[in-house]
Amino acid sequence: MNMIAPVSTRGVSARPPVRWRLCWENELQLADHIELSDFFRKTYGPTGEFNAKPFEGHRSWAGARPEIRAIGYDDRGVAIHIGALRRFIKVGEIDLLVAELGLYGVRPDLEGLGITHSIRVMYPVLRDLGVPFGFGTVRSALQKHITRLLGRQGLATVLPGFRVRSARPDIHLTVPPTRVEDVVVLVLPIAKPMSEWPAGEMIERNGPEL
């Protein structure tokens, strides 16, 4: 892949244009991981020291490792990032192939621009992969925010009231190997309509969160 996809920022003054690079994980070089690790530490650090810890040691992922990344650059370096990983999840009693979207980050000065453009850039990628649905989760506290940015623009269907069980990326003797969280689910119908999303309010991720 490793292609550049320009995204217009017309009408957004004082913001430089963002140039998107779409790449498979194996196409990233050591310098890319170092730059992304620094970006994530600076992006997640203000939300809590623990949130930036997974990106120490030049690591550019936190839980599961993405297979495809969309990386937005401007004249200051990495500006926006989102990753995707094909996997089977279980919704209720149904095993379902999805492309999970996650590992999202945006530089603070671009807040409000990042997530909508990230999803728009990923849409043709997911279509090419032929997955039935794109899938993501956010904390319940972000429901109104994510509905305003994605749901009202028709970029994703926002489904509140779900629980998801995920494997922890590391084993610790003091906590269980899995965790259950109350989340809001984001669904992007790709190869199948939203009417074919399975019933059920419990999702088994069967692996770490992206």
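A salt bridge is a side-chain nitrogen of Lys or Arg within 4 Å of a carboxyl oxygen of Asp or Glu. This is a predicted model, in which local features need pLDDT of at least 70 and side-chain atom pairs count only at pLDDT 80 or more, while totals for chains, interfaces and linings use all residues. Residues are numbered from 1 along each chain as its sequence is written, and side-chain values use heavy atoms, with hydrogens and water left out.

**View 1. Arg163 and Asp182 form a salt bridge.** Their side chains meet at 3.0 Å, N to O. Arg163 lies in strand β7 (residues 157-167) and Asp182 in strand β8, so the pair ties together parts that are 19 residues apart in sequence. Strands (E, at least two residues) and helices (H or I, at least four) are DSSP runs, numbered from the N terminus. Arg163 is partly exposed at 42% relative accessibility. Asp182 is partly exposed too, at 48%. Buried means under 20% relative accessible area, exposed over 50%, and partly exposed in between (1.4 Å probe, protein chains only).

**View 2. Arg69 and Glu25 meet in a salt bridge.** The N to O distance is 2.7 Å. Arg69 sits in strand β3, and Glu25 in the loop between β2 and α1 (30-44). The two are 44 residues apart. Arg69 is buried, with a relative accessible area of 0%. Glu25 is buried as well, at 10%.

**View 3. Glu196 pairs with Lys192 in a salt bridge.** The N to O distance here is 3.9 Å. Glu196 is partly exposed, at 44% relative accessibility. Lys192 is partly exposed at 36%. Elsewhere, salt bridges that share partners join Glu25, Arg65 and Arg69 into one network. The whole structure has 15 salt bridges.

**View 4. The largest nonpolar core has 32 residues.** Such a core is a set of buried Ala, Val, Leu, Ile, Met, Phe, Trp, Tyr and Cys residues joined through side-chain atoms within 4.5 Å. Leu101, Ile119, Met122, Leu150 and Leu188 have the most contacts inside this core. Helix α3 (114-129) is among the elements that supply at least two residues. α3 gives the most, with 7 residues. A second, separate core of 14 residues includes Val98, Leu159, Val164 and Val185.

**View 5. Residues 2-13 have pLDDT under 50.** pLDDT is the predictor's confidence in each residue, from 0 to 100. The model has 23 contacts (heavy atoms within 4.5 Å) beyond four places in sequence for this stretch. Strand β1 (residues 3-7) has the lowest mean pLDDT among the elements, 43. Strand β9 (residues 202-204) has the highest, 98. The chain averages 88.
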